[in-house]
Amino acid sequence: MLEIKNYMNLMNGEWRTSKEQISIFSPLDQQELGKIPAMTKDEIDEAMTAACVALQSWRETPIVNRTKILYKAAELLDERKDLIAKVLAKEIAKNFKSAVSEVVRTADLIRYTAEEGIRIHGDVMKGDTFEASSKNKLAIISHEPMGVVLAIAPFNYPINLAGSKIAPALIGGNVVIFKPPTQGAMSALLLAEVFHDAGLPKGVLNTVTGKGSVIGDYIISHPAVNFINFTGSTAVGKRIGELAGMTPLLLELGGKDAAIVLEDADLEKAANEIVQGAFNYSGQRCTAIKRVLVIDQVADQLVKLIQQKVESLKVGDPFDNADITPLINTQAADFVEELAQDAIKQGATVIVPIKREGNLIHPGVFDHVTLDMRIAWEEPFGPILPIIHVKDEREAIAINNKSEYGLQAAIFTQNTTKALELSSKLEVGTVHLNSKTQRGPDNFPFLGIKQSGVGVQGIRYSIESMTKIKSVVINI
Ligand code: NAP
Ligand code: G3H
């Protein structure tokens, strides 16, 4: 019999429950795993007040002391990696090996954030660059905290996409209100516990749980919030944008990343990268490869290689380290099935058929996908891969750029000059040459353009995004 644990929120340095609870069920077998508090507006106000009160002393805490807490948090995360990964694997059906990697990656990210934070020095500028009368001016430019940062993470990386917001916010002198994804909250609250146990002073990190559809508008428009750092769907991101008004924000949203395969590509390598890129964590990644644009001449050869690799993916249990595991919920599985049915109805060639068992969708590959099919444009967030044939690279660029999204793209070719030329034409935040699309390494800039986001993440960029420039001008 599984123990059903009641998780609590970290508020003003204490663990607090609420009158109402939300039950969390495993996507693996629908077993109840635990309960999380459904916070009331009054409780949210209390958390916001605690954060505002904590801000003054935290922003004045020497950065070297802030780094010590982050180093300790990283150490504790490493120590607790198996325990947290077990909860992650059950709660979001991520395979155990990837769940451990997510925790370890977050510990590394926190350590790097501490190191990077120490090096955010600010700047000094002399005033003799314009009129002579400015010669006696000297500007001392520093990075000041934004204040209260509201961090909201999605279900697919409850630890990493929380840590990558919380750690840079804290090192920059901010205090944090963290809203975890409801499915993923149990794991995320274990991360909050790590920060607490590492010695974070009371009120510096507070968690707020409850369904986004219920408390979302309230927290987004809360007057105490000075910065919003959100990762999730484009639909929710747009809603946040509408409500945020003048509150600065960072949005990392959906994507429809293409792998563009040219005629001179190493097809074996391309197929490997495409299959990993499209099917890791069952395609539930913003950076998953969500369509292939291949030059007609090499398409059949590539499709054959992709088919072989997809057919050998392991499907099933996260604790057996399967590549493909049940999707997060029934709605997500229904949506993937709907996109697949639309493609089949409209004449796509089924290379690997999808098969559904509850929320587990076996991986599917569709060839000869045409531009009138929904799967050519929509983000499935599941294990299906559409392949579109193009006559040349110009057509590939045009199709890529017609997407409402602009997260990443990959180009497979052995001609680096051509790859660089094409990269400059792709309307995306990042182009990967001869590799799958991906966010990391976590110190690299990570951003989406168009409907894929606003602002830039990546350790140094995140610290800069969550601090504001302050100048003091000395007149000598
Ligand atoms: P989601 O439904 O947008 O939820 C993301 C977070 O927002 C969750 O914590 C959710 O809470 C909360 N939320 C929901 N409605 C809200 C509202 N009205 N106001 C404020 N917060 C609200 O996304 P998801 O299903 O978790 O994640 C999948 C999506 O995220 C995909 O589109 C994927 O591409 C995108 N994503 C993008 C990136 C990136 O870096 N570009 C990374 C990962 C995922 P509840 O769980 O309580 O609803
Ligand atoms: O789901 C979106 C994440 O930002 C993707 O991160 O490329 O490391 O899997 P990843």
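This is a predicted model: local features need pLDDT of at least 70, side-chain atom pairs count only at pLDDT 80 or more; totals for chains, interfaces and linings use all residues.
**Entry 1: ligand 1**

I began with the residues around ligand 1 and found 26 of them. Those that come nearest are Ala-153, Thr-182, Ser-233, Leu-253 and Glu-379. I then sorted the shell by class, which gave 13 nonpolar, nine polar and four charged residues.

Next I looked up individual atom pairs. Glu-379 has a polar side-chain atom 2.6 Å from an oxygen atom of ligand 1. For Leu-253 I noted a backbone N or O atom, which lies 2.6 Å from a nitrogen atom of the ligand. Gly-232 also brings in a backbone N or O atom, at 3.2 Å from an oxygen atom of ligand 1.

I checked how much of the ligand is covered. Ligand 1 exposes 900 Å² when taken alone, and the protein buries 86% of that. I also asked which elements give two or more residues to the shell around ligand 1. They are α7 (212–220) and β11 (227–231).

**Entry 2: Asn-359**

I located Asn-359 in the loop between β16 (356–357) and β17 (360–361).

I then listed what Asn-359 touches, leaving out residues up to four places away in sequence. The list holds Gln-30, Pro-326, Leu-327, Asn-329, Thr-330 and Ala-333. With Thr-330 there is also a polar contact, side chain to side chain, at 3.2 Å.

Definitions and conventions. Residues are numbered from 1 along each chain as its sequence is written. Chains are lettered from A and ligands numbered from 1 in the order in which they are written. Side-chain values use heavy atoms; hydrogens and water are left out. A residue is near a molecule or strand if one of its heavy atoms lies within 4 Å of it. A polar contact is a pair of N or O atoms within 3.5 Å; within protein, one must be able to donate a hydrogen and the other to accept it, and residues adjacent in sequence count only if both atoms are side-chain atoms. Accessible areas come from the Shrake-Rupley method with a 1.4 Å probe; for residues, only the protein chains shown count as cover. Helices (H or I, at least four residues) and strands (E, at least two) are DSSP runs, numbered from the N terminus. Ala, Val, Leu, Ile, Met, Phe, Trp, Tyr, Cys and Pro count as nonpolar, Asp, Glu, Lys and Arg as charged, and the others, Gly among them, as polar. Contact means heavy atoms within 4.5 Å.
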